[in-house]
Amino acid sequence: MKGFVIAVLWAFLAVPAVAQRAAGVLRGQILDPTGAVIPGASVEVTGANNTKRTALSDGEGGYLIRGLASGQYTVRASSPGFMQPKLAHVYIVGTEAVQLNLSLHVVGMEESVTVSGNDRLAVSTEPGENASATHITGESLEALSDDPDDLVSDIQAIAGPSAGLTGAQIYVDGLKAGDAVLPSKTSIQEIRLNQNPFAPEFDSMGMGRIELLTKAGADAYHAGAFFGYGNDIFNSRNPYAPQKPPFDLKQYGGSLSGPINNKLSFFVDVNKRDIGNGAVVNAVTVDPNTLQIVDPYTQVFSSPFRFLRLSPRLDYKISTKHSLMLRYGYTKNDYDHYGVGSFNLVSRGANAHLREHGLQLTETAILSPKVVSETQFLFLHQHHTHQADSFDPTLEVQNAFSGGADPETSSAYTHHHYQVQNITTVAEKSHTIRFGVRLRAVALTDTSQENFGGTYTFGGTYAPALDANDQPVAPGLTCDANTSETVAGCTTISSIEQYRRTLVFHKRGLTPTQVRQLGGGATQFSLNAGNPAVNVGMIDLGLFAGDDWRIRPDLTFSYGLRYEMQTGIPDHADFGPRVGFAWNPKFGAKQSKTVIRGGFGIFFDRFEDTPLTTVQRYNGVSQQQYLVSNPDFYPSIPSPSTLAPFSESQVIQTTSPRMRAPYQVQSMISVERQLPGNSTLTLSYVNSHGLHQFRSRNINAPLPGTYTGVAGSGTLPYPDKGPIWQMESSGLYNQNELVTNVNTRVNKKVSLFGSYTLNYARSNTDDQGTFPANQYDLTGEYGPAENDVRHRGSLGGSITPLWGIRLNPLIILQTGPPFNIITSQDIYGTGLLNARPSFTTDASLPGVIHTSYGLLNPNPKAGERIVPRNYGRGPGQFLVNLRVGRDFVFGASDHTTDANKGFFRRPYTLTTSASARNLLNHLNPGPIIGNVNSTLFGQANAIAAGTGAFQNSANNRRLEFQMELSF
C-alpha cells in the first residue's frame with residue numbers, strides 16, 4: 001500500500017500542472033401540452049450580469065447548453081404558437097449536469113410551467129428516458145480512466161453485457177465507431193449507456209450500447225492541459241513472474257475551445273502517450289543444451305508504445321434553422337515488439353504502426369417548427385503495417401510456448417470506411433415520427449505474407465511411456481489411439497513432451513519413422529504461398545421508420561420497422577420490426593412513481609469485411625494454404641512447389657451458398673421505480689433468441705469410421721481435395737438475463753450508479769471461427785456461450801466526503817466465464833486441433849488424464865460421452881479502481897471585477913489526483929488453458945488482460961498520478 005499512500009499525498013499537492021475540466025451543463029426537453037416534443041424551440045438561459053446563452057431543441061425536443069459557470073440562471077423557452085407563462089429558475093454548481101424539462105402551452109392558455117429540474121431522478125414514459133440507462137458526465141466522468149485504452153474497458157464494464165453474441169456497439173456523435181480510434185476523454189462531454197433499447201434507428205439492441213457525445217465550442221474561451229505519470233516503482237509485482245516487469249508511462253495533452261465569431265466556435269484537444277509497457281513471458285520450454293523441460297520459463301520484457309491523438313471540432317451556425325458540425329481526428333499508434341508475453345517468446349515480437357484520419361460532418365436543419373432533419377457523413381482512412389522482428393519459421397507448441405518468428409511476418413492494409421446517415425424527426429401532436437437511411441461502404445486493400453515462412457505445430461499425442469533414459473518401458477510396443485484395445489505401456493503425452501522427444505531422438509540420429517513411433521514428430525506443418533494482396537469492397541444499407549405515440553400522458557406506444565441488406569453474401573432483404581411501450585399506472589387520482597416498460601424487436605448482424613477477406617485470400621487461387629498432418633521432414637521447410645502437387649494438403653476457405661445474415665429475436669420487460677433519496681431502481685428481464693448464427697465446418701472431413709489415424713486415410717466427400725473450411729449461418733443462440741440498475745444522487749456530494757446481471761447464455765457457436773469437434777456429429781456442441789458469465793455487477797460514481805476530496809470508485813465483480821476443453825490432437829483427420837476428450841470411469845486406461853472435471857480420455861472410445869463444448873468454468877474477477885482528487889480554485893470569477901475580464905475566463909482550477917487500477921491488488925487470472933495436452937491445463941499463465949496498450953497486463957496493481965489546470 002506504499003504506492004497508494006503516495007497517491008493520496010499527491011492528491012493534496014498543489015503543484016503546477018495542466019488539464020481541462022468542463023463547466024456545468026443544462027439539458028432537457030421541450031414538450032407541448034400533450035407531452036409531445038417540440039423541435040426547433042428556442043431556449044434562452046440568462047445568468048449573472050445579464051449574460052445569455054441560447055440553443056435550439058433538436059428533433060426529439062432536446063436541448064443542451066454547455067459551459068455554464070456556477071450560479072443561478074433563468075430559463076425561457078418559446079416556439080411559434082406556444083408560450084411559457086412562467087420563467088423557470090435553476091442553480092448550477094461546479095460541473096454538474098442539470099436536467100430541466102419545460103412544458104409549453106398554446107398561446108392564450110394560462111397554466112403554470114411544469115419543471116422537472118435540478119438533476120432530480122424520476123421515471124418517465126418517454127422512450128429515450130428508460131431508467132435502466134446510465135448518463136455519465138461531469139464528476140461521474142472523472143471516475144473513468146484518462147488513458148484511452150483503460151477508458152474503453154471501464155465504459156464496457158459499466159455498460160454491462162450486451163444481449164447477444166456480437167458484443168457492445170459504440171457510437172460517436174450518432175455514428176457507429178466500428179474499429180475507429182475513440183475520442184480522448186478530454187473531448188467527451190457525455191456518455192450514454194443502454195438508452196432506448198428498441199429504437200429503430202439502431203441496428204442492434206440497446207443493451208450494452210455505448211454512445212459518446214463530444215464537446216462543442218463555447219461562447220467564451222476555455223483552455224486546459226494535463227500531465228499523467230506512472231512507473232513500475234509504484235506498481236505491484238506480477239504474480240506470474242519472479243521479477244517486476246518494467247513500466248513507465250507519460251501522458252500529456254490539452255484542449256482549447258471558444259468562439260471564432262458569433263456563428264462559429266471551436267474545440268480542439270491533443271493527447272500524447274508514451275508507455276514503456278512491460279510484458280511477462282510465462283511458458284514451458286525445453287533447454288536447448290540439456291534438452292530438459294523448463295517449467296516454468298519466465299522472462300520480463302519491455303514493449304514501447306507511442307500514441308498521439310489530435311482532434312479539432314468546429315460548430316457553425318449557418319442560420320437560425322441550419323447548423324453544421326465538423327470533427328476531424330488524427331491518430332498515430334506505434335508499437336515496438338508487439339505480441340510478446342504469455343506463451344509468446346521474445347522472438348515472436350513485431351513492430352506495428354497505425355495511422356488513422358477520420359472526418360465527420362453533421363448538418364442539422366429545422367425544416368419547420370415540427371420537422372428536424374439531421375444528415376451525417378463519416379470518412380475513415382486507416383493505414384496499418386506489421387513487420388515481424390525476425391523471419392524464422394514459426395514454432396507452436398500448443399499451450400506450452402510459441403517460438404520462432406511472428407507468423408504474420410509482413411503485412412499492411414489500407415481501410416477506407418464511408419458512412420452516410422440521415423434521420424428526420426416529425427413532431428405532430430401526440431406523435432414523434434422518425435425515419436431515415438444509413439449507407440455504409442468499406443474498401444480494403446490488404447497485403448499479407450502471414451505464414452509464408454511456415455509453422456510447425458506440436459499438439460501432444462498417444463505414445464510409449466519412457467523411462468528416465470528415454471527408453472520405452474515396454475520395448476517394441478506400437479501405440480495406436482485409433483484401436484479399441486487397451487495397451488499397457490502407452491500413455492498420453494503433452495505437447496511439450498512431444499516436442500522434447502523430437503529434439504532428443506533427432507539428436508540421436510533416429511529416422512523420422514522411429515522418432516514418430518517413440519512419440520516425437522510434429523503434429524502439423526502449415527505454409528502459405530501465392531499473391532499476398534487482396535482487394536475487398538462491401539456495402540450495407542439500412543432504412544427505418546418509427547413512431548412514438550403518446551396515447552395518454554401515462555402511456556406511450558412505440559412501433560417501427562427496419563430494413564437492411566448487404567453485399568458479400570446472398571442476403572438482401574432483412575426486415576426487423578420494433579415494438580415498445582411505457583406505462584405509468586395510476587393509483588387513485590395520481591400517477592404512480594412506477595413505469596412498466598417493454599419491447600420486442602428483430603436485430604440483424606452483418607457479415608464483416610475480415611472474414612470476407614479470408615475467403616477471397618484462401619480460395620485456392622489467390623493464395624495457397626498448405627496443411628500437412630504428421631509431417632516427417634522436421635525441421636526442414638519445404639518449398640511451396642514441393643507441396644503444390646499434393647492437392648489434399650491445400651486448405652480452401654469458402655462461404656456456404658445458403659449464407660444469410662444472422663438475426664436475434666429479442667424482447668424485454670422492465671419495471672422502473674422512483675425511490676426516495678433521489679434514486680431510481682429498474683428490474684428488467686431480457687430474452688434473446690438467435691438464429692442463423694455464424695460458424696464454420698470442414699465439409700471435406702473424412703466420413704465417419706473411415707479415418708484410421710494415418711495421414712491421408714479416410715474417405716472424403718470431395719476426393720482429391722484437401723480440407724474445405726466453410727463458413728455457415730446455421731448456429732443457434734439463446735440468452736436470458738435478469739438485470740438490475742440503480743441510479744442515485746443523494747445530494748451534491750454523492751452520486752452513484754450500479755448494476756447487477758444474472759445471465760444464462762447457451763449456443764452451439766461463438767463466432768464464424770467456431771468449428772465443431774466432430775464435423776459429422778454436433779452432439780455436445782450446444783452448451784454455454786462464451787459470454788455465459790453467470791453473475792456480473794458494477795458500481796461507480798462520485799463521492800466528496802470532506803475537505804473537497806473527491807473519490808471516484810469503480811468496482812467490477814463477475815463470476816468466471818466458460819472455456820472449451822480440447823485435446824489439440826487431430827483425432828478425426830480434419831486438420832483441426834480442436835477435438836474434445838471423453839468422460840471415462842476406467843482410471844486404468846492408458847492415456848487417461850485425471851482432472852478436476854473427472855477422468856478425461858483424449859482418445860475417445862466407442863460409447864464414451866464426449867465433453868460438451870465450453871464445459872470448463874474459469875475463476876471470477878474482482879476489480880476495484882479508485883481515483884482520488886482535489887480541486888484548488890484560485891483567481892476570482894470574471895463577473896466580480898472588470899480587471900479579471902480577459903481572453904480566458906476565471907477562476908482557474910488546479911486538480912491533483914491519483915488513480916489506482918486494481919487497488920486491492922487482487923489476483924484476477926487471465927484465460928484458463930483448456931488443452932488437456934498442456935501441462936498447464938486448468939490454469940492461467942497470465943493476469944487478466946486489458947485492451948490496447950494494456951492487453952498484456954504486466955502489473956497486478958497500477959498507480960498513476962495526474963495534474964490538471966483549466967481556465
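A: Let's begin with the covalent links: the count comes to one disulfide, taken as a pair of cysteine sulfur atoms within 2.5 Å. Before going on, note that this is a predicted model, in which local features need pLDDT of at least 70, side-chain atom pairs count only at pLDDT 80 or more, and totals for chains, interfaces and linings use all residues. Residues are numbered from 1 along each chain as its sequence is written, and side-chain values use heavy atoms, with hydrogens and water left out.

The disulfide is formed by C479 and C490, whose sulfur atoms are 2.0 Å apart. The torsion about their S-S bond is about -85°, so this disulfide is left-handed. The two cysteines are eleven residues apart and link distant parts of the chain: C479 is in the loop between β29 (461-464) and β30 (490-493), while C490 is in strand β30 itself. Helices (H or I, at least four residues) and strands (E, at least two) are DSSP runs, numbered from the N terminus. Both C479 and C490 are buried, meaning under 20% relative accessible area (1.4 Å probe, protein chains only; exposed is over 50%, partly exposed in between).

Now for the charged pairs. The structure holds 47 salt bridges, each a side-chain nitrogen of Lys or Arg within 4 Å of a carboxyl oxygen of Asp or Glu. One of them joins R273 and D149, at 3.1 Å from N to O. R273 lies in strand β19 (residues 264-286) and D149 in helix α3, so the bridge ties together parts 124 residues apart in sequence. R273 is buried at 1% relative accessible area, and D149 is buried at 15%.

Helix α3 covers residues 148-159, and nine of its twelve residues are buried, including D150, L151, V152 and D154. Its N-terminal end is capped by D147, which places a side-chain oxygen 2.9 Å from the backbone nitrogen of D149. Just after the helix, G160 takes a positive phi of about 80°.

R309 pairs with E356, their closest N and O atoms being 3.8 Å apart; R309 lies in strand β20 (residues 293-317) and E356 in strand β22 (residues 350-368), so parts 47 residues apart are tied together. Both of these residues are buried. R836 pairs with E781 at 3.0 Å between the closest N and O atoms. R836 is buried, with a relative accessible area of 2%, and E781 counts as buried at 1%. Finally, salt bridges that share partners join D150, D154, R917, R958 and E960 into one network.

Notes:
Expected span 1.5 Å × (residues − 1). Polar contact = N/O pair within 3.5 Å; in protein donor to acceptor, adjacent residues only side chain to side chain.
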